[in-house]
Amino acid sequence: MTGRQRLAILGATGSIGLSTLDVVARHPERFEVVALTGHRRLDILAAQCRRHRPRYAVVGDSADAKRLGEALAGVGTEVLAGVAALEGVAALPEVDTVMAAIVGAAGLSPTLAAVRAGKKVLLANKEALVMAGAVFMAEVSRRGTPLLPIDSEHNAVFQSLPRAFDGNLAACGVRKVLLTASGGPFRATPIEALAEVTPEQACAHPNWVMGRKISVDSATMMNKGLEVIEARWLFNAMPDQIEVVIHPESVIHSLVQYVDGSVLAQLGNPDMRTPIAHALAYPERIDAGVAPLDLFEIGRLNFERPDLRRFPCLSLAFQALRAGGNAPAVLNAANEVAVEAFLEGRLAYPDIAQVIAASLDAVPAAATDTLEAVLAADRAGREAALGMLLARHAS
Ligand code: NDP
Ligand code: MG
């Protein structure tokens, strides 16, 4: 790539967005910010626009666009609103690379727009791949879109696979992909006590600072379940080729086991700026602002098998992956509804898994080989989960 890499950062105001801009700001000679998007946190977006002077900023609706436009008078940033604008900035001719860091199903259509426009796509928005893996990956191969994983586990697997990996694990001598998981804040909490845990406790992750939705997903281990499905698509892995290992220190970000007995892993301090810098600069390496790993300080690393009674969401995700079709999209949608209800104090923590399980049972199986079918599955999953919530309140 000649000249500076021109970036659109979708979800700039979130945890991944902030880390991305931190890396970008360390390398002004390499990166130029063309577009930033946010949703509710307009103050953060305004400050980011003043600092990085993108050509475009995108928010959710026209009232917010008006407010942000007034706040940015004289900055030279054009403020746009809505989903079509998100898709538009993701596909701009003057953009080389799109960071897809919107949370949840809302990220699907702009991320897909970036893929269809053949941009280099840095994928944080795992939900897009969980919902629409087949449609998404078909577009990636049709367009030859460079797709780099930001999720720390998948970035670690990517780094531990041969550079020539072309979607055939067996041909590269890979036996298994091992995804590590911290086990979250409730790894050792007595199971009976889980009924009482609060959103604040669930969001207090021991090793990572993240958005609230993914923090709850980490506590339930649905995050790892979504990542298993993400790995299925990114690495063309069968369910039996993916294993989850609890590793409470979050130093080994994931591993690849080869047929000759070798296991390759990527290690580092738990800081998302490492995978972000890796993907931004790939195949080069740049400073991410992350402290070097001090193995003497860490001392020892631990590993455990996940307890599926404690983490039923992990089983549900494997179940949805094996069922295929619309099941992963239904799982994802029901999870989004249940997590939101938990965060708002309307659902007890153990009921998150129950609502998802009941939603998977309620929605009839269907194929999801078109985007329309994926969106229908997403709607059906949401309706089923909302129905369960209403029924609980009525009883
Ligand atoms: P945050 O909640 O911190 O940020 C989410 C971003 O999406 C914000 O910019 C938010 O805008 C925007 N957003 C929310 N809803 C909408 C919507 N309906 N339309 C458009 N934009 C919207 O999440 P994270 O940064 O933690 O996570 C982002 C993605 O990255 C998720 O898919 C997550 O799973 C994934 N990921 C995150 C990791 C992490 O360490 N945080 C690690 C690995 C993956 P606003 O804030 O202005 O409302
Ligand atoms: Mg992860």
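Visitor: How far does a backbone N or O atom of Ser15 lie from an oxygen atom of ligand 1?

Guide: This is a predicted model, in which local features need pLDDT of at least 70 and side-chain atom pairs count only at pLDDT 80 or more, while totals for chains, interfaces and linings use all residues. Residues are numbered from 1 along each chain as its sequence is written, chains are lettered from A and ligands numbered from 1 in the order in which they are written, and side-chain values use heavy atoms, with hydrogens and water left out. A polar contact is a pair of N or O atoms within 3.5 Å; within protein, one must be able to donate a hydrogen and the other to accept it, and residues adjacent in sequence count only if both atoms are side-chain atoms. For Ser15, the distance from a backbone N or O atom to an oxygen atom of ligand 1 is 2.9 Å. A polar backbone atom of His39 is 2.7 Å from an oxygen atom of the ligand, and a polar side-chain atom of Glu127 lies 2.6 Å from a ligand oxygen atom.

Visitor: How much of the accessible area of ligand 1 does the protein cover?

Guide: Accessible areas come from the Shrake-Rupley method with a 1.4 Å probe; for residues, only the protein chains shown count as cover. On its own, ligand 1 has 900 Å² of accessible area, and the protein covers 89% of it.

Visitor: Which elements give two or more residues to the shell around ligand 1?

Guide: Helices (H or I, at least four residues) and strands (E, at least two) are DSSP runs, numbered from the N terminus. The elements in question are α1 (15-25) and α6 (126-143).

Visitor: Which residues come nearest to ligand 1?

Guide: A residue is near a molecule if one of its heavy atoms lies within 4 Å of it. There are 23 residues around ligand 1, and Thr13, His39, Arg40, Arg41 and Glu127 come nearest. The shell divides into ten nonpolar, eight polar and five charged residues. Here Ala, Val, Leu, Ile, Met, Phe, Trp, Tyr, Cys and Pro count as nonpolar, Asp, Glu, Lys and Arg as charged, and the others, Gly among them, as polar. Domain 1 (5-125) and domain 2 (158-270 + 293-394) each give at least three residues to the shell; such bounds come from an automatic or database domain assignment.

Visitor: How many helices and strands does the chain have?

Guide: The chain has 16 helices and eleven strands. Its radius of gyration is 20 Å, close to the 21 Å that the globule rule gives for 395 residues, so the chain is as compact as a globular protein of that length. That radius is taken over C-alpha atoms, and the globule rule is 2.2 Å times the number of residues to the power 0.38. Along its principal axes, the C-alpha trace spans about 55 × 55 × 45 Å.

Visitor: What share of the residues counts as buried?

Guide: Buried means under 20% relative accessible area, exposed over 50%, and partly exposed in between (1.4 Å probe, protein chains only). Of the 395 residues of the chain, 55% are buried. One of the individual cases is Thr220, found in helix α9 (residues 212-220) and buried at a relative accessible area of 5%. The side chain of Thr220 reaches the backbone nitrogen of Met222 at 3.0 Å.

Visitor: Which residues does a cis peptide bond join?

Guide: The bond joins Tyr282 and Pro283, with omega about 5°. Pro283 is placed in the loop between α11 (273-281) and α12 (295-298).
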